[in-house]
Amino acid sequence: MVAAAFTLIVLFARFFIEEGISGFDWSGKIGDYLKDWFGFILISVTIVVVAVPEGLPLAVMIALAYSVQKMLKDMNFVKRLAS
C-alpha cells in the first residue's frame with residue numbers, strides 16, 4: 001500500500017512539475033490531463049493488486065504458527081508438523 005501511494009504521489013508530482021514548466025492549458029488539454037491522471041491511478045491500483053497476494057501466504061503462515069504456539073502454552077494437544 002505504501003509503495004502504491006508513494007508511486008501515485010511521485011507520478012502526480014512529476015506531472016505537475018512538467019506541466020507547470022510548460023504552462024497549464026486547462027481549456028484545451030483537460031481530456032489529456034484526465035487521461036494521464038486515470039493512468040496514474042490505474043498504475044497504483046495495479047501495484048496494490050499485485051502486492052496483496054504476495055504477502056497473503058506469509059500472513060496466514062505467521063497467524064497459524066502463532067496459534068499453534070498459543071495452544072501449546074495452554075497445554076492443548078497439538079500435533080507438531082514440520083514445515
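User: What makes Phe6 count as exposed?

Analyst: In this predicted model, Phe6 has a relative accessibility of 57%, and since exposed means over 50%, Phe6 counts as exposed.

User: How do you know that the length of helix H2 agrees with its number of residues?

Analyst: Helix H2 runs over residues 26-73, which is 48 residues, and at 1.5 Å a residue these should span 70 Å; the C-alpha atoms at its ends are 65 Å apart, which agrees. H2 also has a kink of about 35°, centred on Asp32, and Met75, with a positive phi near 65°, follows the helix.

User: Why are Leu11, Phe15, Tyr33, Trp37 and Phe40 called a nonpolar core?

Analyst: The name applies because a nonpolar core is a set of buried residues, of types including Leu, Phe, Trp and Tyr, joined through side-chain atoms within 4.5 Å, and these 5 residues make up the largest such core. H1 and H2 each supply at least two of its residues, with the largest share, 3 residues, coming from H2.

User: Which residues of H2 are buried, and what covers them?

Analyst: Tyr33, Trp37, Phe40 and Ser44 are buried in H2, and what covers the buried residues of this helix includes helix H1, residues 2-22. Beyond its neighbours within four places in sequence, Tyr33 is in contact with Phe15, Glu19, Gly23, Phe24, Asp25 and Trp26.

Definitions and conventions:
Residues are numbered from 1 along each chain as its sequence is written. This is a predicted model: local features need pLDDT of at least 70, side-chain atom pairs count only at pLDDT 80 or more; totals for chains, interfaces and linings use all residues. Side-chain values use heavy atoms; hydrogens and water are left out. Helices (H or I, at least four residues) and strands (E, at least two) are DSSP runs, numbered from the N terminus. The expected span of a helix is 1.5 Å times one less than its number of residues. The bend at a residue is the angle between axes fitted to the seven residues ending there and the seven starting there. Buried means under 20% relative accessible area, exposed over 50%, partly exposed in between (1.4 Å probe, protein chains only). Contact means heavy atoms within 4.5 Å.
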